[in-house]
Amino acid sequence: MDATEIGLWGVPLAILGGAIRVSTPFIFVSLGEAITERSGRINLGLEGTLVFGAMTAYAVAVMTNSPWLGLLAAAFAGLFFGLFHGWICKFRGVNDIAIGIALMLFGSGLAFFFGKPFIKPKAPNLPAIPFGGWSDIPQVQAALDVNVLFLIGAVLSVILWWAFRNTRAGLIVRVVGDSSDAARAMGLNPDTVRLLATGVGGALAGIGGAYLSLYYPGSWTERISSGQGLMAVALVIFARWNPLGCFAAALLFGGAGALGPALQSVGVTQGYYLFYAAPYILTLIIMIVTSSPTRTLAGAPGELSITK
Amino acid sequence: MTDRFLLSRRQLLKTSAAGAALGLASAAFPVSRAFAASATVGFIYVGPKDDYGYNQAHAEGAATLKAIEGITVVEEENVPETVDVQKTMESMINLDGASLIFPTSFGYFDPHMLAMCAKFPNVQFRHCGGMWDKAKHPMNAGSYFGYIGMGQYLNGVVAGHTSKTKKLGFVAAKPIPQVLLNINSFLLGARSVDPTITCQVIFTGEWSLAVKEAEATNALVDQGADVITCHVDSPKVVVETAAGRGAFVCGYHANQSPLAPEKYLTGAEWNWAKVYKMFVDDLVAGTPLPNFTRGGLADGFVKMSPLGPAVGEAGRKQFDATLAEMMKGGFAVIKGPLKSNKGAVVATAGQAFPETAIELESMDYLVEGVVGSTA
């Protein structure tokens with residue numbers, strides 16, 4: 001076997017590489033959504049924010065020739081979308097889910113509109129750190145080219161997990177999410193907290209979008225997201241609103257998504273549609289195994305409109 | 001949805017403005033001017049019309065019609081292959097007065113376009129693909145397609161000369177006849193250089209899934225493929241990912257060489273402008289439109305991207321010779337003896353299917369040497 005043929009080893013390697021490459025947008029969007037939902041709101045608009053973030057990052061990177069400025073612009077665009085959602089939801093009788101859906105369509109539509117002139121030009125990509133230098137197998141090196149955003153996402157999930165338990169800000173977000181009345185009694189303004197939480201959530205989703213257009217797959221097209229933002233919102237429930245769980249779920253989704261192409265590449269060519277359904281089948285199995293008929297969903301914030 | 005409302009409002013504004021202008025004009029110039037024959041032509045795309053690929057190729061063709069006097073082009077992009085496309089067709093007919101519609105995506109045909117054909121017998125529908133069958137389908141429908149498999153054969157010739165690992169990679173969307181023919185042609189082109197070459201195919205299951213296409217490309221390169229081509233709606237992601245991993249690429253649909261100037265070998269491109277002009281000329285002249293339109297390299301329906309800097313002397317020579325052979329007509333990519341990769345005989349010795357052979361439009365096999373499965 002020569003160096004270019006790795007045979008069946010390609011499958012676990014592709015799952016590992018896929019988990020690292022594909023999971024990053026899921027990590028950022030689901031962490032953002034975890035913050036928002038912990039404060040008692042659901043922002044379904046993150047799919048739109050993701051697409052708009054991808055477009056903004058690409059456009060700014062093309063114009064300034066700096067992917068970092070693109071990333072920053074995407075975060076700000078996401079922040080703006082989040083704050084907009086938070087601001088509208090402050091009014092009486094406004095349904096956060098409906099606004100989320102509206103913002104999802106609005107974000108995508110706006111991104112398509114402004115993004116037209118940026119489909120053709122090429123933007124500079126975000127750099128990757130080669131962790132595979134120890135290996136002389138090119139496939140391993142390629143799989144271990146890790147983008148800094150993935151590492152930031154990993155660190156961020158630990159920080160958030162810790163912060164929700166141990167910091168004042170984390171506890172404020174949680175109390176607002178669990179009971180508006182209790183929060184008001186403590187002298188907190190739930191609307192302000194939720195506004196900020198949705199804003200931060202949007203900014204993280206914008207960064208997730210920047211990863212899509214500036215690193216992997218690394219170009220701006222209108223089909224860049226294909227529903228990843230929505231999937232990430234669902235991951236938060238799957239992860240029981242736990243940031244570490246979000247990270248793990250994102251890895252699982254990324255890895256399972258790489259299974260289909262990897263199996264075909266080693267010659268397992270029958271039934272690829274079934275392999276493409278692997279992430280969803282896996283989710284279903286885990287949901288069924290971990291669910292219980294005798295207790296309610298553990299960890300769900302009490303103020304969420306779906307649990308109220 | 002919003003698009004359609006906009007369309008109707010825009011149309012309303014346009015019509016009322018035109019009405020007002022006409023009123024003014026007829027008041028000012030009582031002698032009316034004879035108008036050239038006018039018609040509205042509708043184009044429907046499944047994706048964005050600047051995707052470096054399938055939809056862009058059609059939109060570029062449509063754009064050339066706008067220069068023809070009396071022809072109005074209406075377009076709608078990102079229309080899913082669902083009942084949505086029926087609504088789009090209805091609004092193009094009822095609101096814009098379209099008399100000829102080109103639903104350009106494969107899945108628009110059955111049942112959507114057929115339903116509209118029955119509902120609007122005076123409107124002409126021409127579908128891109130090979131679905132129209134005289135025995136089964138109405139006469140106001142039709143299909144047009146180009147023999148782009150020839151282009152993939154030429155891609156294969158160049159790939160065969162360039163590959164060092166003797167393994168090629170193909171990222172494909174769905175196992176339909178046109179895609180299978182492209183995969184088979186690509187491999188057979190390469191095997192005309194070296195009969196030991198194999199081609200690994202990965203089906204993504206959808207026409208446009210950026211992340212999955214990138215994963216598929218990475219998986220192919222991981223398995224040692226060093227020349228990659230594809231049949232997806234937007235080859236941009238495949239081309240960039242493959243070039244990023246150091247593999248060579250052959251393009252498809254449109255010219256993607258600006259995306260990877262060093263790694264781009266050549267590409268099979270559409271030239272729809274020619275086809276659409278043909279249809280519209282017939283429409284303006286009032287002659288019946290053909291129902292079954294096909295053409296290849298010699299007819300100008302298909303063209304090749306200029307050869308890239310990585311193509312060697314031997315590759316260039318065989319490319320030019322094969323292209324010249326194809327331009328004469330009658331060139332057969334699928335010719336016996338040939339087996340499918342499941343061992344079934346698809347062409348016996350002496351049997352040849354030139355590009356015009358209708359049997360090729362119902363292809364359901366991958367030839368020997370292609371690693372992959374149609375289901």
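**View 1. Helix α8 (residues 236-244) of chain B is mostly covered in this predicted model.** Nine of the nine residues of α8(B) are buried. From one end to the other, these are B:Lys236, B:Val237, B:Val238, B:Val239, B:Glu240, B:Thr241, B:Ala242, B:Ala243 and B:Gly244.

**View 2. The backbone just after α8(B) includes a residue with positive phi, B:Gly246.** The phi of B:Gly246 is about 90°.

**View 3. Chain B is divided into domain 1 and domain 2.** Domain 1 covers residues 38-146, and domain 2 is made up of 149-269 + 303-371. Taken over C-alpha atoms, the centres of domain 1 and domain 2 of chain B are separated by 28 Å.

**View 4. Domain 1 and domain 2 of chain B are in contact.** Domain 1 of chain B contributes 12 residues and domain 2 of chain B contributes 14 residues. On the side of domain 1 of chain B that touches domain 2 of chain B, five residues are nonpolar, six are polar and one is charged.

**View 5. Chain A and chain B meet in a contact that takes 37 residues from chain A and 35 residues from chain B.** On the side of chain A that touches chain B, the elements giving two or more residues are α1 (10-38), α5 (138-143), α11 (243-265) and α12 (272-276) of chain A. The residues on this side of chain A comprise 16 nonpolar, 15 polar and six charged.

Terms used: Residues are numbered from 1 along each chain as its sequence is written. Chains are lettered from A and ligands numbered from 1 in the order in which they are written. This is a predicted model: local features need pLDDT of at least 70, side-chain atom pairs count only at pLDDT 80 or more; totals for chains, interfaces and linings use all residues. A residue is buried if 20 or more other C-beta atoms lie within 10 Å of its own, exposed if 12 or fewer, and partly exposed in between; C-beta atoms are placed from the backbone. Helices (H or I, at least four residues) and strands (E, at least two) are DSSP runs, numbered from the N terminus. Two residues are in contact if their C-beta atoms, placed from the backbone, lie within 7 Å. Ala, Val, Leu, Ile, Met, Phe, Trp, Tyr, Cys and Pro count as nonpolar, Asp, Glu, Lys and Arg as charged, and the others, Gly among them, as polar. Domain bounds come from an automatic or database domain assignment.
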